[in-house]
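Please consult the sequence and the model while reading.

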Amino acid sequence: MNTLAAVAPVITADHHALRRDFPFKPFAIRHKLAGHPLLTLPRIAQLASELPRDLIEYNSGKVAISQDPDAIPSIDLDATEVVKSIETAGAWMVLKRVENSPEYRRLLEDTLLSVARARGFSSLLDAGFEQVEGFLFVSSPNSTTPFHLDSEDNFFVHIHGEKFFTIFDNTDHTIVSDDEIERSMTKHRNLKYDESFAPRATEFHLFAGDGCYVPYQWPHWVRTAGSFSISMAITWKTREVRRLNDLHFFNSMLRGIGLPQQPPGNRPALDALKLAFYRTVTTALKPLRASMAMRRLLRRIALGKRANYYLKGV
């Protein structure tokens, strides 16, 4: 049995894994958030009624690991009904940016601050925990989250049910190429999966109180077992992660108008120019993003007509 060293009042991890692997490789964690009042179905249903609709995405949980984004089966219920009937709805849902609720923001920041202090830092910024965001997942029994990657680091904490989290090394470009990483970030997150990848996976078998650390852009897929599931990704972006993300997004836009681009890092001076221009424009547009209609329009202009795929019929 591994010896658990206290790294925070909320999250604990194997002492050697924390020192050796954070923030570059995944590792198992334990946490104390299971049973928290903000992470129960009634409170999540309330949150679903409060969040803007474009921060909630849901569909059938009966999807493939390598799911075609254009063939995802939908669920004919509103978001609150999905949460209330999650045991039988056959659904998968994510509530995005839950830090928009002050109570959830406090929970996210308190959790990460306890980790920061356990690592010897006095604040979230000192520890590199910038742009803290939360993504809350509720899933019906036997649901699948297709193969994809996320553009931030996160502590994935499992709250209820049984879940299998299968993750792959992002330095293995025979699994996901640079081109596919950029497409996944800017179009639809689903990636193509081949069963031949399976022997190279690391699988975390999660129950309430378990979790894992998920490094930046490590591809993964997830399935639930025979009970409904609640989980939360506590995410942050370091300055370097925000720089890489902005370059990927700008490269995608330039490629979309027929201008071939090198991946970030190949031409540092040009990267700096692109970054300065992109951030000037996005900062100017930021006030417009307060409107959901404007967010929808900006996503379509920047990322193409499929960017609002999860808002069909809304």
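## Basis of the description

A residue is called buried when its relative accessible area is under 20%, exposed when that area is over 50%, and partly exposed in between. The structure discussed here is a predicted model.

## Packing of helices H5 and H6

Two packed helices are described by the angle between their axes and the distance between the axes. Helix H5 covers residues 178-186 and helix H6 covers residues 239-256; they pack at an angle of about 90°, and their axes are 10 Å apart. Angles of 65 to 115 degrees count as roughly perpendicular, and H5 and H6 are therefore roughly perpendicular to each other.

On the H5 side, the contact is made by Glu182, Met185 and Thr186. Their partners in H6 are Asn245, His248, Phe249, Asn251, Ser252 and Arg255.

## Salt bridges and their surroundings

How many salt bridges does the structure hold? The number is 17. One of them joins Asp21 to Arg20, with the closest N and O atoms 3.2 Å apart. Asp21 has a relative accessible area of 8% and is therefore buried, whereas Arg20, at 59% relative accessibility, counts as exposed.

Another salt bridge pairs Glu57 with Lys96, and here the closest N and O atoms are 2.9 Å apart. Glu57 belongs to strand E4 (residues 56-60), while Lys96 is in the loop between strand E5 (91-95) and helix H4 (102-118), so the pair ties together parts that are 39 residues apart in sequence. Glu57 is buried, its relative accessible area being 2%. Lys96 also counts as buried, at 16% relative accessibility.

## A salt-bridge network

Are Arg97 and Glu99, whose side chains meet in a salt bridge, buried or exposed? Arg97 is partly exposed because its relative accessible area is 32%. Glu99 is buried, with a relative accessible area of 4%, a value that falls under the 20% limit. The N to O distance in this salt bridge is 2.3 Å.

Arg97 and Glu99 also belong to a network of salt bridges.

Terms used:
Residues numbered from 1 in each chain as written. Predicted model: local features only at pLDDT ≥ 70, side-chain atom pairs only at ≥ 80, totals over all residues. Heavy atoms only, no water. Axes fitted to C-alpha atoms, helices over the stretch in contact; angles between N-to-C directions. Helix = DSSP H or I, 4+ residues; strand = E, 2+ residues; numbered from the N terminus. Parallel < 35°, antiparallel > 145°, perpendicular 65-115°, else oblique. Contact = heavy atoms within 4.5 Å. Salt bridge = Lys/Arg side-chain N within 4 Å of Asp/Glu carboxyl O. Buried < 20%, exposed > 50% of the residue type's maximum accessible area, 1.4 Å probe, protein only.
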